[in-house]
Each structure stands twice: as structure tokens, then as C-alpha cells.
Amino acid sequence: MTDQQGSIPCSEAVKQLWDYLDHAISAEDQERVETHLSFCRMCCGELEFAKELRSFLASNEAQEIPPDVKAHLERFVQEL
Amino acid sequence: MRRADGMRDIGVQDRTKEAFQSMAVGELPALYSLAHRLVRDGAEDLVQETLIRAYRSFGALKEEDAGARWLKSILVNVFRDELRKRARSVEELPVEEVEDFSLYRTLVEVDPLPYSDTLHLDFLRAFGKDDVREVLMRLPELYRAPLVLRYMDGFATKEIARMLDTPLGTILARLHRGRRRFETEMWAYAEETGLLIGEVRR
């Protein structure tokens, strides 16, 4: 995507997307990312995918503890 | 008795052993799940070592209801110490190796699910719990741990830096590289295992 005056290139915008979603970048950087997103459709797609991937990871099912391991660890706790 | 960190090492004498046991048993599933995401083998050993360490310092725990977070934090400490003990030199990935890959763009270009209207979501949905773990295990521990703790267990980056005893800036850099590496490995895993074949036929 062609860069526009005063904005940042795609590589820079993509690098900051997850921190942008976390509100973990400065107000200035946030504005730069938003300016870039306002004209770059590909990076808007990257942003949507970053959101999907974050929510996918957050909702990843926890590994159930196997019954024998659970029983063993419970015994371990009782014997401490 | 005073410990190096200035806290009184009162062990369990000021609290009942039963209180610790009851809390610890209730948290075993969550502890095991976190350990299982952090290490390929030895999740049970990691939990055991956590329980020993937690039992010793149970007296330092102020809030009963902070127990879950406290136990997880001890587990991460144990994991960090084990990692250091092994003294395996885990090298940082060269920036250029991880910066270039974009899973989003790769999916757009390759279009592995031509009949899908929601290509990116369907790609993610093809990954079951075990597939995600396999991809995680392909990441060096240096990158896997911050990723798991931040995005799967919801710890704040500052907490992660404290638990892993690593500067915040380093954690942020590892999170960035870890995310890129995770995307790279997701794509490689899908290709190698034929994960999308069933999805294409759907």
C-alpha cells in the first residue's frame, strides 16, 4: 500500500496493531495507526484478523487434568 | 525468621494446613492447564514443585481469594527457574526471520478455503485444542511463555515481566516476535498436517 504523507508504512502499522488493541501505545502512535487504517484496507483486514486471533487464543479450551494425574496431585497436597 | 526479601517466613503455622490444601486442590485443574501450555513434558512435575513452594510461603499470602492468581504466579516462577537451571542458551530470533510473515496476507493470497465467506475465521476454527498446543510447542519457550500468559491466561505485561524477572521492554519485544512466530507456525502446521483438507470439502 502506498504511504501517504505524514503517515506510517504498513510494516509499521502492522507491528503496532496488537499493542494498539491493548491501548498500550502512546496517543501519538495511536493516531498514526488510525490515520494509516483510514486509507489502508489491507491493514484494516490485519486489524480484524488480530482481533479474531486474540479472541481465538483467549477462548482456547483449557486442557482437562487427567483423572489419574488429579488423584496423584490431590494425594500429594494431602501429604505436604 | 527473615527471608532475603524481608518477608517473614511463617510457613503455614499462622494458617491451617487445611486452608492451604482446600485452596490448592481447588486450583489443580487451572494449574495443570497452565503448566500443560508452558511445557511439552513434565506438567505434573511443574505443578508439584509449585505446590511445595506455595505451601512453604502460604503465610505470606494476604488475601484468601487471591489464591488462584498467586498459585499461577508461583508456577511461572518455578517454570522460569527451571528454564534457567537448564541453562540452555535459547537465542533470540533474528528480527528479519519473523517480521516478514503475515498470516492474514498469506491466507488472502493462497486462499486455502475457496468456498469460505469467512476465510480467516474458518482457518482459525480448523484448529482444535490439541492443534493449538502443538503450534505453541513449536515456539521457543522464550516466546511461548509470554504469549500464553498474556493472551491465554490474561496476565498484564507488567505482571509477566515481574513473574519472569525480565525487563518489560524485552517482554514486549518477545510478545511481538512470539505472535509473528505463532502465525508462521500455524500456517506451517496447517500445511504439514493437511488440517484444511477436511475444511475444503465441507
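At what angle do the axes of α8(B) and α10(B) cross, and within what distance do they come?

Reply: Keep in mind that this is a predicted model. The axes of α8(B) and α10(B) come within 8 Å, with a crossing at roughly 95°. An angle from 65 to 115 degrees counts as roughly perpendicular, so that is the label for α8(B) relative to α10(B). Those are the two numbers you'd want, because a pair of packed helices is described by the angle between the axes and the distance between them.

Now for who touches whom. On the α8(B) side you have Leu142(B), Tyr143(B), Arg144(B), Pro146(B), Leu147(B) and Arg150(B). They meet a set in α10(B) made up of Ile171(B), Arg174(B), Leu175(B), Arg177(B), Gly178(B), Arg179(B), Arg181(B) and Phe182(B). Sorted by class, this contact holds 7 nonpolar residues, 6 charged ones and 1 polar one.

Chain B has 11 helices and 0 strands, and its pattern along the sequence is α-α-α-α-α-α-α-α-α-α-α. It runs to 202 residues, 32% of which count as buried. If you take the contacts in chain B with a separation of 6 or more, 70% of them are between residues 24 or more positions apart.

Chain B is also split into domain 1 (17-86) and domain 2 (95-201). Their C-alpha centres are 26 Å apart. Where the two domains touch, domain 1 of chain B puts in 11 residues and domain 2 of chain B puts in 13. On the domain 1 side, the elements giving two or more residues are α1 and α3 (67-86) of chain B. The largest share of that side, 7 residues, is from α3(B). By class, the domain 1 side has 5 nonpolar, 4 charged and 2 polar residues.

A few local spots are worth a click while you have the model open. Asp111(B) has a positive phi of about 50° even though it isn't a glycine. It is in the loop between α5 (103-110) and α6 of chain B. With 10 other C-beta atoms within 10 Å, Asp111(B) is exposed, because 12 or fewer puts a residue in that class.

Chain A has a counterpart to look up: His23(A), another residue other than glycine with a positive phi, near 55°. His23(A) is in the loop between α1 (10-21) and α2 (27-39) of chain A. It too is exposed, with 8 other C-beta atoms within 10 Å.

Further along, in helix α2 of chain A, is Leu37(A). It has 17 C-beta neighbours inside 10 Å, so it counts as partly exposed. Leaving aside residues up to four places away in sequence, Leu37(A) touches Cys43(A), Cys44(A) and Leu47(A). Leu37(A) and Leu47(A) are 10 residues apart along the chain, and their C-alpha atoms are separated by 8.7 Å.

Finally, the confidence side. Chain B averages a pLDDT of 85, and 82% of its residues score at least 70. Over residues 1-8 of chain B, pLDDT stays under 50, and the model has 4 contacts for that stretch beyond four places in sequence. Chain A averages 90, and 92% of its residues score at least 70. Among the elements of chain A, mean pLDDT is lowest for α1(A), at 91, and highest for helix α4 (residues 67-78), at 96. For the complex, the predictor gives an ipTM of 0.86 and a pTM of 0.85.

Conventions
Residues numbered from 1 in each chain as written. Chains lettered and ligands numbered in written order. Predicted model: local features only at pLDDT ≥ 70, side-chain atom pairs only at ≥ 80, totals over all residues. Axes fitted to C-alpha atoms, helices over the stretch in contact; angles between N-to-C directions. Helix = DSSP H or I, 4+ residues; strand = E, 2+ residues; numbered from the N terminus. Parallel < 35°, antiparallel > 145°, perpendicular 65-115°, else oblique. Contact = placed C-beta atoms within 7 Å. Nonpolar A, V, L, I, M, F, W, Y, C, P; charged D, E, K, R; others polar. Domains from an automatic or database assignment. Buried ≥ 20, exposed ≤ 12 C-beta atoms within 10 Å, placed from the backbone. pLDDT = per-residue confidence, 0-100.
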